[in-house]
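Thank you all for coming; I would like to walk you through one structure this morning, slowly, and with attention to how far it can be read.

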Amino acid sequence: MDKQRILIADDQQDVLEALRFLLKAEGFAIEAVTSPGAVLNALQVRDYDALIMDLNYTRDTTSGQEGLDLLAQIQRVDPVIPVIVMTAWGSVELAVEAMRRGARDFIQKPWENARLIAIVKTQLALSEALRRGQRLEAENRLLRAEGKPLMIAESEAMAPVLTLISRVGPSDANVLVTGEPGTGKEVVARLLHTVSERASKPLVTVNAGGLAEGIFESELFGHVKGAFTDAKMDRVGRFELADGGTLFLDEIANVPHNLQAKLLRVLEIGEMERVGSSKTKRVNVRVISATNANLLEEVSGGRFREDLLFRLNTIEIHLPPLRERKEDIPLLASHYLSVYAQRYRKRLSGFDQAAMEALLNNRWQGNVRELSHVIERAVLLAGDSMVRLADLALRTGSGGPAKLEDMSLEEVEAFLIRKALARYDGNVSHAANALGLSRSALYRRLQRYNI
Ligand SMILES: Nc1ncnc2c1ncn2[C@@H]1O[C@H](COP(=O)(O)OP(=O)(O)OP(=O)(O)O)[C@@H](O)[C@H]1O
Ligand SMILES: [Mg+2]
């Protein structure tokens with residue numbers, strides 16, 4: 001079995017050396033860091049079985065504030081890691097405050113070796129039991145859940161996605177789901193909610209791409225009667241509707257800049273006001289957001305607040321495009337074949353070899369969604385028992401349509417959009433730019449043309 005790994009953090013080298021010496025002798029693997037930032041980095045890079053940390057880092061402070069702040073941040077990065085804090089002799093109040101903020105136990109400096117080891121071992125055993133229990137519970141919930149979204153993901157490329165869902169699903173951590181259009185971001189958001197303790201509470205969706213700027217604020221936060229001309233009565237916003245549950249903010253890159261600050265505030269302190277009201281309301285909402293934009297690019301272009309990004313992406317789950325998980329294509333294709341064959345009452349037993357090869361080698365700019373549309377059409381077109389290559393009616397990419405003048409205006413538009421997407425590797429922002437469209441205008445067209 002691998003050694004259990006403990007992260008230790010203190011700004012004093014002699015303390016780190018003493019701890020390292022002691023714990024190594026007990027058979028633990030030790031890593032040492034000297035600042036709160038380094039603790040967070042380390043936790044993001046790998047899993048530790050426990051963290052032992054000092055509460056003071058800058059030489060002239062003894063308040064413990066740095067450590068207390070760090071505890072809050074750790075809760076977001078790794079809500080399950082057992083944290084043992086070190087305090088100076090006699091500062092029990094600080095230790096109690098640390099435990100209130102999520103530390104599991106404390107050690108007073110200078111410590112007694114045997115006692116320190118006993119505390120560490122107890123916490124490791126306890127946490128192991130907790131982790132096991134939590135995972136079981138999450139799995140049970142997933143099995144029990146009715147109407148849970150189906151996710152076909154047997155490929156290697158999807159393994160990290162599944163691991164992350166089962167790890168962070170049960171926590172309250174905010175999750176940002178990224179990936180090209182149609183890769184299953186909404187499916188992941190639903191799964192995360194389903195395995196969470198909030199599963200019995202609502203999952204409320206807001207699509208930032210489809211809302212005009214003017215109504216977006218009242219959609220999110222609600223309004224009171226008279227707040228603006230059309231506000232004929234009070235209205236509850238999505239944040240309040242999602243209270244106790246999960247809010248899914250889809251196409252988050254499209255949140256207007258002036259609303260990003262308000263969003264940040266409710267994420268940071270859980271407080272908001274309805275439009276036109278000065279009464280502050282508290283909401284307890286877990287936020288899952290999704291985008292196919294590159295938010296770092298949006299940040300450097302000044303269109304998206306960096307502080308908001310860091311609130312949203314406590315954990316990021318990236319969905320690989322379908323062309324990077326070809327092993328899943330036959331499974332998805334068969335799944336959709338049986339769904340649509342049943343719907344359209346066709347007896348179809350599968351794909352012939354040429355059809356399957358074409359499915360495997362297609363570029364799938366629209367990913368799983370495009371695949372499902374292609375199969376639906378093929379089921380309708382297919383004659384006898386098999387789906388054949390011609391039934392798929394896949395564009396071969398190279399040739400394109402023969403004559404522009406034979407196409408309808410809509411066909412030309414769809415054609416140009418496909419071309420732009422292909423040129424920019426499915427990057428919607430770049431394609432929209434090249435076409436002279438806003439991102440949301442392009443989105444509407446992608447939906448209309450099933451791209
Ligand atoms: N792994 C999967 N297994 C089964 N069905 C999937 C999978 N991924 C996606 N789908 C299906 O594909 C369609 C598109 O998925 P979804 O809406 O979650 O994509 P998305 O990433 O949110 O797309 P967009 O960026 O366009 O909003 C849905 O019908 C969904 O059920
Ligand atoms: Mg979506």
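When I speak of a helix, I mean a DSSP run of H or I that is at least four residues long, numbered from the N terminus. This is a predicted model, in which local features need pLDDT of at least 70 and side-chain atom pairs count only at pLDDT 80 or more, while totals for chains, interfaces and linings use all residues. Residues are numbered from 1 along each chain as its sequence is written, chains are lettered from A and ligands numbered from 1 in the order in which they are written, and side-chain values use heavy atoms, with hydrogens and water left out.

Let us begin with the surroundings of ligand 1, where a residue is near if one of its heavy atoms lies within 4 Å. The shell holds 16 residues, and the closest are Ile152, Gly182, Lys185, Glu186 and Arg369. Helix H7 (185–194), helix H13 (328–343) and helix H15 (367–381) each supply at least two residues of this shell, with the largest share, three residues, coming from H7.

Now to the polar contacts, meaning pairs of N or O atoms within 3.5 Å. A polar backbone atom of Ile152 sits 2.8 Å from a nitrogen atom of ligand 1, and an oxygen atom of ligand 1 is 3.0 Å from a backbone N or O atom of Glu186.

Finally, a word on confidence, given by pLDDT, the predictor's score for each residue from 0 to 100. The protein averages 87, and 92% of the residues score at least 70.

Terms used:
Polar contact = N/O pair within 3.5 Å; in protein donor to acceptor, adjacent residues only side chain to side chain.
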